[in-house]
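Subject: Structure handover and findings

Hello,

Please find the structure below. My notes on it follow.

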Amino acid sequence: MNSMYKVMKIYKAARTRFIDLLNLDTGTLDKVFDDSSEVDVGYDDFEAMRESGVYNCKIELFGDFDRIKTEKSVEVTIISSDTIIGKTEYFKVLIGSDVYYILKADAKGFEVKQKMYYHFTRKDLIQVDDVTHADCL
Amino acid sequence: MDAGLRQDADANATLLGQRTGELAEGAGDIVENLKPQNLMDELAQSGVKYNQAGVKMVTKTPDGRLMWLENGDSESGLRHIVDGHAADFASRGISDISGFLKRMLQETPVKTGATKAGPFAEYLVDGKKYKVGYGANGYIVSFYPIK
């Protein structure tokens with residue numbers, strides 16, 4: 001399952017940027033954080049992304065699992081427990097119909113079930129087409 | 001984490017430090033000064049371009065590098081950090097970003113490197129990682145929690 005996104009707006013700062021991505025399958029607008037250029041020189045980054053461009057993207061949720069539902073947590077449905085992006089292990093999850101990725105390391109100390117609660121404050125861009133964020137490599 | 005890293009005390013410390021510009025003490029807590037005069041003097045004498053009125057914090061790393069945080073704007077500095085990452089810091093119990101950054105920079109990073117735009121360093125604090133991007137002159141550009 002590939003998720004195609006259209007770049008709606010780029011908010012560029014000196015070293016990082018936020019990008020509004022429209023999921024073309026679900027209509028969800030995600031504001032994602034891109035710090036792919038904030039890594040050692042020599043790694044590929046996502047700087048080639050341009051407004052109105054359409055890309056195959058993977059988005060990581062930046063947060064933690066919760067044992068119970070809280071005001072801040074959402075229910076995620078784990079659809080794959082053995083997804084590897086670069087060299088990093090992820091859960092592939094659904095929130096509604098939208099696909100996201102959560103670090104498997106976040107589940108340390110938790111009993112992994114198909115449906116779990118997770119709270120997050122940021123959505124991180126970790127893959128664009130065939131370019132993977134250096135932190136995943 | 002030692003008592004000096006308590007967030008409530010830190011928030012008070014920052015406010016007091018900003019008001020007095022000197023080491024202050026209150027409610028039984030030793031509070032810190034984010035802009036020690038000796039480091040402000042060193043910054044002034046270093047020859048780097050900086051906005052003295054906008055300096056929020058200045059410190060020195062274990063290897064002797066002078067680093068400072070300015071109010072900045074939407075692209076760099078404290079405003080940029082707060083606009084983009086206040087919620088990320090809050091989720092880790094950090095409300096006083098300037099004070100936390102100062103204490104972190106006084107530790108040894110777990111990783112350093114150089115991007116196309118300048119150096120970066122990663123730190124591990126209480127098992128959680130943080131990344132700071134800065135100019136070759138020591139000006140802090142970006143700072144945010146990472147996995």
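Two residues are taken to be in contact if their C-beta atoms, placed from the backbone, lie within 7 Å. This is a predicted model, in which local features need pLDDT of at least 70 and side-chain atom pairs count only at pLDDT 80 or more, while totals for chains, interfaces and linings use all residues. Residues are numbered from 1 along each chain as its sequence is written, and chains are lettered from A and ligands numbered from 1 in the order in which they are written.

Chain A

Chain A has zero helices and nine strands; helices (H or I, at least four residues) and strands (E, at least two) are DSSP runs, numbered from the N terminus. The radius of gyration, taken over C-alpha atoms, is compared with a globule rule of 2.2 Å times the number of residues to the power 0.38. For the 137 residues of chain A a compact globule would come near 14 Å, and the value of 15 Å agrees with that. The C-alpha trace of chain A spans about 40 × 30 × 25 Å along its principal axes.

A residue is called buried if 20 or more other C-beta atoms lie within 10 Å of its own, exposed if 12 or fewer, and partly exposed in between, with C-beta atoms placed from the backbone. By that rule, 34% of the 137 residues in chain A are buried. Of the contacts in chain A between residues at least 6 apart in sequence, 60% join residues at least 24 apart.

Ser52(A) sits in the loop between β3 (29–34) and β4 (54–66) of chain A. Its phi is positive, about 80°, although Ser52(A) is not a glycine. Ser52(A) is exposed, with 8 other C-beta atoms within 10 Å.

Chain B

An open sheet in chain B is formed by four strands in the order β5-β6-β7-β8, with antiparallel pairing; two strands pair if DSSP finds at least two bridges between them. The edges are β5 (111–114) and β8 (140–146) of chain B, each with a single partner strand, so one side of each has no neighbour in the sheet.

Within this sheet, six bridges join β6 (residues 119–125) to β7 (residues 128–134) of chain B. Val125(B) has Lys128(B) in β7(B) as its bridge partner. The loop between β6 and β7 of chain B holds Asp126(B), which has a positive phi of about 50° although it is not a glycine. Asp126(B) counts as exposed, with 8 C-beta neighbours inside 10 Å.

Helix α4 (residues 97–105) of chain B is mostly covered, with eight of its nine residues buried. Among them are Ile97(B), Phe100(B) and Leu101(B).

Ile81(B) lies in helix α3 of chain B and counts as buried, with 24 C-beta neighbours inside 10 Å. Leaving aside neighbours within four places in sequence, Ile81(B) is in contact with Ile97(B), Ser142(B), Phe143(B) and Tyr144(B). The C-alpha atoms of Ile81(B) and Ile97(B) are 8.6 Å apart, and the two residues are 16 residues apart along the chain.

Where the chains meet

The contact takes 19 residues from chain B and 15 residues from chain A. On the side of chain B that touches chain A, the elements giving two or more residues are α3 (77–90), β5, β7 and β8 of chain B. The largest share, four residues, comes from α3(B). The residues on this side of chain B divide into five nonpolar, nine polar and five charged. Here Ala, Val, Leu, Ile, Met, Phe, Trp, Tyr, Cys and Pro count as nonpolar, Asp, Glu, Lys and Arg as charged, and the others, Gly among them, as polar.

Regards
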